[in-house]
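Subject: Structure handover

Hello,

Here is the structure I promised to pass on. Please open it next to this email and follow along.

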Amino acid sequence: MNLDKLIEQLFRGEMLSENTIKNLCEKMKEHLLDEANVTNLRLPMTIVGDIHGHFRDLLEIFHIGGKCPDTNYLFLGNYVDRGSFSAETISLLFCLKLRHPTRITLLRGNHESKPITQVYGFYGECLAKYGNPNPWKYFTDVFNYLPLAAVIEEKIFCVHGGLSSTLTSLEQIKVLPRFQDVPPEGSITDLLWSDPDPEKEGYTASPRGPGCLFGQDVVNRFLKFNRLEYMVRSNQLCIDGYQMLFGGKFATVWSAPNFCNRSGNVGAILEISEDNEKYFNTFTACPEALREKPTFDVLKDVPDYYATL
């Protein structure tokens, strides 16, 4: 498999063949078997939030943030669904991961799940583009292998969603049974689904259903217990591309501008220098003239229950 040629093909916006996807996903599973639940990373690092099939905006991220492997990247999950080019997005990220394994890290988001992708577009997209669900199955099998969290320089905790009342230490996250689909509830579900609540302390029920809401006291306690200084996550749309909470110790990063082509938000990536200086680099959506139009509607019949996903 010539990864350089596949990457060039994808940067041109050309899809991979079904057989290539099968081989790519098998190699990804082999590689991810050796990655821990919590990956340890070094600065400098650029952190990317939800992408959700915004392929042209992903290319813009590599334009403003630097190409891989020139820049170290940590992606926080939610690569697929909602947007119309999830297959191209996840194909490119998998190819880059295999080609530059020490320069790009891919965490799992709540949409890296078979049941969720059957509802929010990825399954239908694969069926429309390939004529069968096989590519969807290959990709979603790999999702069960993705790491759950990352720690940068033993100071910055990174996860897709948030914290859990069942987890007080990094050591507990390191031993979770991650090689499965996302359960309906429990520790893994909380890590991928939970959100901060700046109005309340402790843990409360989440309006999403899965996961929970957690307050500033929860974040402070988790950071202190694990000798951490800062927490970064995604999972929630931010009109300005990012949001700071809890005395500047907590950040949400959202990297899909004009989400679903109707939200009007900007995107952001968090660039952290070698001396731990943080800069939120914001960007607008790819110009409409460069944005391909899908031939199918990935957003039809989406339940209102998940409107905040």
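Predicted model: local features only at pLDDT ≥ 70, side-chain atom pairs only at ≥ 80, totals over all residues.

**Helix 4 and its partners**

Start with helix 4, residues 86–99, and helix 7, residues 134–143. They pack at an angle of about 50°, and their axes are 12 Å apart. The two helices are therefore oblique to each other. Helix 4 passes helix 7 in a left-handed crossing. On the helix 4 side, A87, I90, S91 and F94 make the contact. Helix 7 brings F139, V142 and F143. By class, that gives six nonpolar residues, one polar and no charged.

Now turn to helix 3, residues 55–65. Helix 3 packs against helix 4 at an angle of about 35°, with the axes 9 Å apart. The crossing of helix 3 past helix 4 is right-handed. From helix 3 come F55, L58, L59 and F62. They meet E88, T89, L92, L93 and L96 of helix 4. The classes here are seven nonpolar, one polar and one charged.

Strand 12 covers residues 250–253. F250 and T252 point one way, A251 and V253 the other way. In a regular strand, side chains alternate between the two faces of the sheet. Are these four residues of strand 12 buried or exposed? All are buried.

Strand 12 pairs with strand 10, residues 230–233, in the parallel sense over three bridges. There, M231 stands opposite F250. Strand 12 also pairs with strand 11, residues 242–245. That pair runs antiparallel and is joined by four bridges. Look for Q243 opposite T252. Strands 11 and 12 form a hairpin with four residues between the strands. In this hairpin, F246 takes a positive phi near 55°.

**N78**

Where does N78 sit? Its place is in the loop between strand 3 (73–75) and helix 4. N78 counts as buried because its relative accessibility is 1%, and the cut-off for buried is under 20%.

Which residues does N78 contact, leaving aside its neighbours within four places in sequence? The list is D50, I51, H52, G109, N110, H111, E112, H160 and N235. Take N235 from that list. N78 and N235 are 157 residues apart along the chain, yet their C-alpha atoms are separated by 7.8 Å.

Best wishes

Terms used: Residues numbered from 1 in each chain as written. Heavy atoms only, no water. Axes fitted to C-alpha atoms, helices over the stretch in contact; angles between N-to-C directions. Parallel < 35°, antiparallel > 145°, perpendicular 65-115°, else oblique. Left-handed = near helix turned anticlockwise from the far one by under 90°. Contact = heavy atoms within 4.5 Å. Nonpolar A, V, L, I, M, F, W, Y, C, P; charged D, E, K, R; others polar. Buried < 20%, exposed > 50% of the residue type's maximum accessible area, 1.4 Å probe, protein only. Pairing = 2+ DSSP bridges.
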